[in-house]
Amino acid sequence: MNAAPLVAIRGLQKRFGAGPLVLDGINLEVGQGEFVSFIGPSGCGKSTLLRLIAGLTSASDGLITVDGTPPEKAREKMFFVFQDATLMPWRRVAENVELPLLLRGDAPGHRRERVAQMLEVVGLSGAAEKFPWQLSGGMRMRVSIARALTVAPEILLLDEPFGALDEMTRDRLNEDLLAIRSRNSFTGFFVTHSVAEAVFLSSRIVVLGVNPGRVTAVIDVPFPYPRQSELRETPAFLRLLATTAHALRAVRS
Amino acid sequence: MSPSLRSRLAAYLLPAATAAALIVLWYVLKAVFQVPSFVLPAPHEILVAAWEERSFLWPAALVTVRGALLGFSAAVGVGFLLAMALGFSPRVKASLYPLILVLQMMPVTILAPIFVLWLGQGLPSIVAITFMIGFFPVVANTTMGFISVDRNLRELFVMCNATRAQEARYLRIPGAMPYFLTGMKIAGTLAPIGAIVGDFLAGSAQGGVGGIGYMTISYFSQLKTPALFATGLVACVMGFVFVGGVNWLHWRLLHLWHDSMVKKE
């Protein structure tokens, strides 16, 4: 294990304006290649924590470093997948996926090649010329993930990306996300409400409590990658599901 | 006959039938009350007058179209740039928007003589009046468009380390397009009216050719009522051509992606 963690959070506090503390006393170190889920009741600040790591909002106190620098300086190493797909309705699927490369100033030939690759990775090669409104919610989310992958981020931050999808689509996308990760290795941060999703995807689950948001439990998930859908039916998986659900309930009471 | 074809036919037939009925009513009332033609000409008299006066009406229509086009283009261009300044900087918006409102509250009938004082009778004043009528809807709508950018999309651009110019080009301007086009539609409806009013208030027959507004005054003073009605007809046609053009542009730019245009099964 490398000595320096990829993401280090020390004594983090966050409040908005003069409001109450949203996050308090957060300490966390995440190494390269981990997949960490934040889970907790509404209002525990898990999305805020993700946005802090992304540098989209700044800490009120404490320290966050990404690869040894402040998050705002490490953006080219990271990408963010939003809760809704956040596509531009006037750009076709391929043009949406292309956007980060376009903004970065990559050459057109390279952009085309990379977009085609990423659309294939998410299984949407046939939809390149479609507009977002012509896609289902699950397909739109795939486009969003393909867009994030174009820049080959070291760190992928996902803010409840599958929250609005039905369970079958969500399970399917969970499996696909892990399959993608086995090829395009990235360190993952994942915000979710779903215990099953957290256990299936993560190497580590961070349970957050409310008022203010703080870490109440950290659960290691020992199952090796690659994980297949059958994992969900094993007794060990179900036991860990119960443990995590218990930890989450303890927060609520 | 398929239901869709029937509904499409109805869309044309119903207004045509209504128009025919009104024209019949027009003739009946004129005959029953024996209204003289200098008060209310019959529809065919208007068409005849339009034909007989064509050597005056056609050049007049061209003059008005020129005024309307120039004023409309200025309203759209200046409106867009101004909206960009207002939409991109809250400080500019705070300091400028109330003043634009004040300007908008000023009735054109008061502005017209001022323009004539400054610019003289004729095209420059007409263009200025058309501009004044058209530019506010463009500014108000487009500013709204620049302001209402999806928050997540903006953060996406932040994550990409996008420059302000990139954000403008790839996010704000395309995002504001539907709003801009709505403002343009309103300005397009108002432009021919603005040009005619401008012509009416500040027009001149310099070089022998006045606009439609000028012709209106001329026919009115000569009590050539059928020709006076004919100028109304010309104004209507002009308005439709203008709105048709803007609608076409609207369709062209939005039909592939915007919610208002795409057909969802």
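Among contacts in chain B between residues at least 6 apart in sequence, what percentage join residues at least 24 apart? The share is 71%, where a contact means heavy atoms within 4.5 Å. Before going on, a word on ground rules: this is a predicted model, in which local features need pLDDT of at least 70 and side-chain atom pairs count only at pLDDT 80 or more, while totals for chains, interfaces and linings use all residues. Residues are numbered from 1 along each chain as its sequence is written, chains are lettered from A and ligands numbered from 1 in the order in which they are written, and side-chain values use heavy atoms, with hydrogens and water left out.

Let's stay with chain B for a moment. You'll find 10 helices and 0 strands there, with helices (H or I, at least four residues) and strands (E, at least two) taken as DSSP runs and numbered from the N terminus. A compact globule of 265 residues would come out near 18 Å in radius of gyration, but chain B has 23 Å. That radius is taken over C-alpha atoms, and the globule rule is 2.2 Å times the number of residues to the power 0.38. Along the principal axes, the C-alpha trace of chain B spans about 75 × 60 × 30 Å. As for burial, 40% of the 265 residues of chain B count as buried; here buried means under 20% relative accessible area, exposed means over 50%, and partly exposed is in between (1.4 Å probe, protein chains only).

Chain A has another make-up: 7 helices and 9 strands. Its radius of gyration is 18 Å, close to the 18 Å that the globule rule gives for 253 residues, so chain A is as compact as a globular protein of that length. The C-alpha atoms of chain A fill a box of roughly 50 × 40 × 35 Å along the principal axes, and buried residues make up 55% of its 253 residues. Of the contacts in chain A with a separation of 6 or more, 68% are between residues 24 or more positions apart.

Now put the two together. On the chain B side 22 residues are in contact with 24 residues of chain A. The area buried between them is about 2,200 Å², and carbon and sulfur atoms give 72% of that; buried area is the accessible area (1.4 Å probe) that two parts lose on being put together, summed over both. In chain B, Met159(B), Tyr170(B) and Trp257(B) lose the most area to chain A, together 31% of what that side buries.

What about charges? The count between the chains is 1 salt bridge, that is, a side-chain nitrogen of Lys or Arg within 4 Å of a carboxyl oxygen of Asp or Glu. The side chains that meet in it belong to Arg51(A) and Glu155(B), at 2.5 Å from N to O. Helices α7 (151-159) and α8 (164-202) of chain B each supply at least two residues of the side that touches chain A. The largest share of that side, 8 residues, comes from α7(B). By class, the side has 13 nonpolar, 4 polar and 5 charged residues, with Ala, Val, Leu, Ile, Met, Phe, Trp, Tyr, Cys and Pro counted as nonpolar, Asp, Glu, Lys and Arg as charged, and the others, Gly among them, as polar.

Not counting residues up to four places away in sequence, Leu156(B) touches Phe79(A), Phe82(A), Thr86(A), Leu99(A) and Arg147(A).

Helix α2 of chain A (residues 93-104) is mostly covered, with 10 of its 12 residues buried. After α2(A) comes Gly105(A), whose phi is positive, near 90 degrees. Within α2(A) sits Asn96(A), buried at a relative accessible area of 1%. Leaving aside neighbours within four places in sequence, Asn96(A) is in contact with Leu87(A), Met88(A), Arg91(A), Pro132(A), Val143(A) and Arg147(A).
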